[in-house]
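Please open the structure in the viewer and prepare to select residues by number.

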Amino acid sequence: MRNAIADVLREENTTRHDAINPWDGHDSCMNWFETGQVPAKFMHDPQLVLNEFGEEKNALEMRNLTSSWMIVHNEMDKPAELFVSYMATSFGKYYPLVKFGIGKGNNYGVTINPNFD
């Protein structure tokens, strides 16, 4: 893969640019996958269960739930990008459809098919 990317870069005659966009000094990351420590400022459905399913592998699980919620507050004074990662299995089926929404109510959201999206 690395060689294929290098070949494309050579073919396109790209040049390296070390300059990056200015960073405004604000960033936030909440991840409990390795530590199992869910930050106190991260609000979520109390029915979600923290499960350590391997050494340094933790997940918030939706056991016997068909829907749940999490709240992430944007602490910046302007819109910010949001990146969410998840793992999904469901009753013997890997990678079921997942509806992900931003906003309030069921009218917001997009259904993600992890097998194709």
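Predicted model: local features only at pLDDT ≥ 70, side-chain atom pairs only at ≥ 80, totals over all residues.

**Surface patches and salt bridges**

Begin by selecting V72, L82, V84, F100, I102 and V110, which together make a nonpolar surface patch of about 520 Å².

Next, select E34, E52, E55 and E56. These residues gather in a surface patch of negative charge. For orientation, take E34, which lies in the loop between α1 (2-11) and β1 (43-44). The relative accessible area of E34 is 56%, so this residue counts as exposed, the class being assigned to values over 50%.

The remaining stops concern charge pairs. Side chains of opposite charge can pair when their charged atoms come close. How many salt bridges does a search of the whole structure find? The search returns three, and each can be selected in turn.

**Stop one: D7 and R10.** Display helix α1 and show the side chains of D7 and R10, both of which lie in this helix, three residues apart, or about one turn. D7 forms a salt bridge with R10, and the closest N and O atoms are 2.5 Å apart. Is R10 buried or exposed? R10 counts as exposed, at 58% relative accessibility, whereas D7 is partly exposed, with a relative accessible area of 35%.

**Stop two: K41 and E75.** Now select K41 and E75, whose side chains meet in a salt bridge with an N to O distance of 3.5 Å. K41 belongs to the loop between α1 and β1 and E75 to the loop between β4 and β5, so the pair ties together parts that are 34 residues apart in sequence. Colouring by accessibility will show E75 as exposed, with a relative accessible area of 59%, and K41 as partly exposed, at 43%.

**Stop three: E61 and R63.** Finally, select E61 and R63. E61 is partly exposed, with a relative accessible area of 24%. R63 likewise counts as partly exposed, at 43% relative accessibility.

Notes
Residues numbered from 1 in each chain as written. Heavy atoms only, no water. Patch = residues over 30% accessible without salt bridge, like charges linked within 9 Å, V, L, I, M, F, W, Y side chains within 5 Å. Areas by Shrake-Rupley, 256 points an atom, 1.4 Å probe, with all protein chains shown as cover. Salt bridge = Lys/Arg side-chain N within 4 Å of Asp/Glu carboxyl O. Lys, Arg positive; Asp, Glu negative; His and termini not counted. Charge placed at Lys NZ, Arg CZ, Asp CG, Glu CD. Helix = DSSP H or I, 4+ residues; strand = E, 2+ residues; numbered from the N terminus. Buried < 20%, exposed > 50% of the residue type's maximum accessible area, 1.4 Å probe, protein only.
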